[in-house]
Amino acid sequence: MGMANRWFSRVVQRLQIPEDIALHLPLVHLTGSCRARVENHRGIAEYTPELIRIESAAGLVVIRGRELMVKELARDDLICVGKILAVEFYEQPGSGR
């Protein structure tokens with residue numbers, strides 16, 4: 001983690017701002033294996049009934065399953081439904097997180 005990132009992290013902690021908001025990190029809420037809400041996304045990179053790749057400031061969030069469907073899509077969050085088998089995170093090179 002670079003000096004600027006360490007400094008920013010300390011400021012975030014002192015101001016008691018949640019890191020996911022301050023750093024625009026993805027926040028994933030799962031409801032069982034049938035619903036996922038992803039906050040702080042930057043768009044959908046790939047969308048099939050078996051795979052949804054979601055871009056974020058930290059890298060990719062990949063949802064794998066069956067009969068997946070994006071139910072709601074808003075500027076900062078999305079909801080996908082279907083049979084969710086896995087949620088994977090792939091860090092963006094150089095993100096330091």
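Tutor: A residue is called buried when its relative accessible area is under 20%, exposed when the value is over 50%, and partly exposed in between. Glu67, with a relative accessible area of 70%, is therefore exposed. The model is a predicted one.

Asp77 belongs to strand S6. Its relative accessible area is 19%, so Asp77 counts as buried. The cut-off is under 20%, and the value for Asp77 is 19%. Asp77 forms a salt bridge with Arg37, and the closest N and O atoms of the pair are 2.8 Å apart. This pair ties together distant parts of the chain, with Arg37 in strand S2 (residues 35-39) and Asp77 in strand S6 (residues 77-91), 40 residues apart. The side chains of Asp77 and Arg37 are also joined by a polar contact of 2.8 Å.

What else touches Asp77, once its neighbours within four places in sequence are left aside? The contacts are Arg37, Val38, Glu39, His41 and Glu72. Two of these names, Arg37 and Glu39, come back in the next pairing. Arg37 forms a salt bridge with Glu39, where the closest N and O atoms are 3.8 Å apart. Arg37 itself is partly exposed, at a relative accessible area of 30%.

The count of salt bridges comes to 4. One of them lies between the side chains of Glu46 and Arg53, at 3.2 Å from N to O. Both partners are partly exposed: Glu46 has a relative accessibility of 29%, and for Arg53 the value is 28%. As for shared partners, salt bridges join Arg37, Glu39 and Asp77 into one network.

Asn40 sits in the loop between S2 and S3. Asn40 is not a glycine, yet its phi is positive, near 65°. With 17% relative accessibility, Asn40 counts as buried. One of the residues in contact with Asn40 is Ser56, which lies in strand S4 (residues 51-56). Apart from neighbours within four places in sequence, Ser56 touches Pro26, Asn40, Arg42 and Gln92. Ser56 is buried, with a relative accessible area of 6%.

Ala74 is in the loop between S5 and S6. At 38% relative accessibility, Ala74 counts as partly exposed. The C-alpha atom of Ala74 is 9.4 Å from that of Glu39, although the two residues are 35 apart along the chain.

Strands S3 and S4 pair in the antiparallel sense, over 4 bridges. A hairpin connects S3 to S4 through 3 residues. Within this pairing, the partner of Tyr47 in S4 is Ile52.

Tyr47 also takes part in the surface. Together with Ile44, Met69 and Leu73, Tyr47 makes a nonpolar surface patch of about 380 Å². Which strands supply at least two residues each to the nonpolar patch? They are strand S3 (41-47) and strand S5 (59-73). Met69 is found in strand S5. Met69 is partly exposed, its relative accessible area being 43%. Patch residues need over 30% relative accessible area, so Met69, at 43%, passes that limit.

Asn40 counts as buried at 17%, whereas Glu67 is exposed at 70%.

Definitions and conventions:
Residues are numbered from 1 along each chain as its sequence is written. This is a predicted model: local features need pLDDT of at least 70, side-chain atom pairs count only at pLDDT 80 or more; totals for chains, interfaces and linings use all residues. Side-chain values use heavy atoms; hydrogens and water are left out. Patches are made of residues with over 30% relative accessible area and no salt bridge: like charges are joined within 9 Å, nonpolar side chains (Val, Leu, Ile, Met, Phe, Trp, Tyr) within 5 Å. Accessible areas come from the Shrake-Rupley method with a 1.4 Å probe; for residues, only the protein chains shown count as cover. Buried means under 20% relative accessible area, exposed over 50%, partly exposed in between (1.4 Å probe, protein chains only). A polar contact is a pair of N or O atoms within 3.5 Å; within protein, one must be able to donate a hydrogen and the other to accept it, and residues adjacent in sequence count only if both atoms are side-chain atoms. Contact means heavy atoms within 4.5 Å. Two strands pair if DSSP finds at least two bridges between them.
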